[in-house]
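User: I would like to learn how to read a pocket and a helix in a protein model. Could we take them one after the other?

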Amino acid sequence: METSTATITVLTITPVHAGRLLALADVELLIDGVSVILHGVQVRADGSKTEITLPNYRAPDGSWRTAVTLPEEVRRPMGDAVMAAGLEAGLLMEKAAVV
């Protein structure tokens, strides 16, 4: 199995504040020199957690489906990069440590 070099860059993060949706991000994945840009990566939060979700679309049957499927090895670091960008932009706050 070969390994590849990947670079993840958050191009923009825009506050939205619509229900649980806090922000939308555009993320560039550069994998072995090939650039893929994901528009509409979502930052969602409720009282207990903040999560990053991939863009989705409404299927013909009316259900919502993920528009892009990424392997965990790419999805987790991408989510970390979006969370870091949200913190840096002041859209998110670090959770206080429980003592």
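**Reading a pocket and a helix**

Analyst: The residues lining the largest pocket divide into four nonpolar, three polar and four charged, where Ala, Val, Leu, Ile, Met, Phe, Trp, Tyr, Cys and Pro count as nonpolar, Asp, Glu, Lys and Arg as charged, and the others, Gly among them, as polar. This is a predicted model, in which local features need pLDDT of at least 70, side-chain atom pairs count only at pLDDT 80 or more, and totals for chains, interfaces and linings use all residues. Residues are numbered from 1 along each chain as its sequence is written, and side-chain values use heavy atoms, with hydrogens and water left out.

User: Which residues line the largest pocket?

Analyst: Rolling a probe the size of a water molecule over the atoms shows where empty space is left. Here the lining includes D46, G47, S48, K49 and T50, and also M83, L87 and E94.

User: Which residues of helix 1 are buried?

Analyst: An α-helix has 3.6 residues a turn, so residues three or four places apart point the same way. In helix 1, V74, M78, G79, V82, A85 and G86 are buried, meaning under 20% relative accessible area, with exposed over 50% and partly exposed in between (1.4 Å probe, protein chains only). Seen down the axis of helix 1, these buried residues fall within an arc of 125 degrees, so they line one face of the helix; the arc is that of the directions from the helix axis to the C-beta atoms.

User: Which exposed residues does the face turned away from the buried side carry?

Analyst: That face of helix 1 carries E73, R76, D80 and E88. Just after helix 1, G90 takes a positive phi of about 80 degrees. Helices (H or I, at least four residues) and strands (E, at least two) are DSSP runs, numbered from the N terminus.

Note on methods. On a 1 Å grid over the protein atoms alone, a cavity is a set of points where a 1.4 Å probe fits but cannot get out, and a pocket is an open set with protein on both sides within 12 Å along at least five of seven lines; lining residues have an atom within 4 Å of a point.
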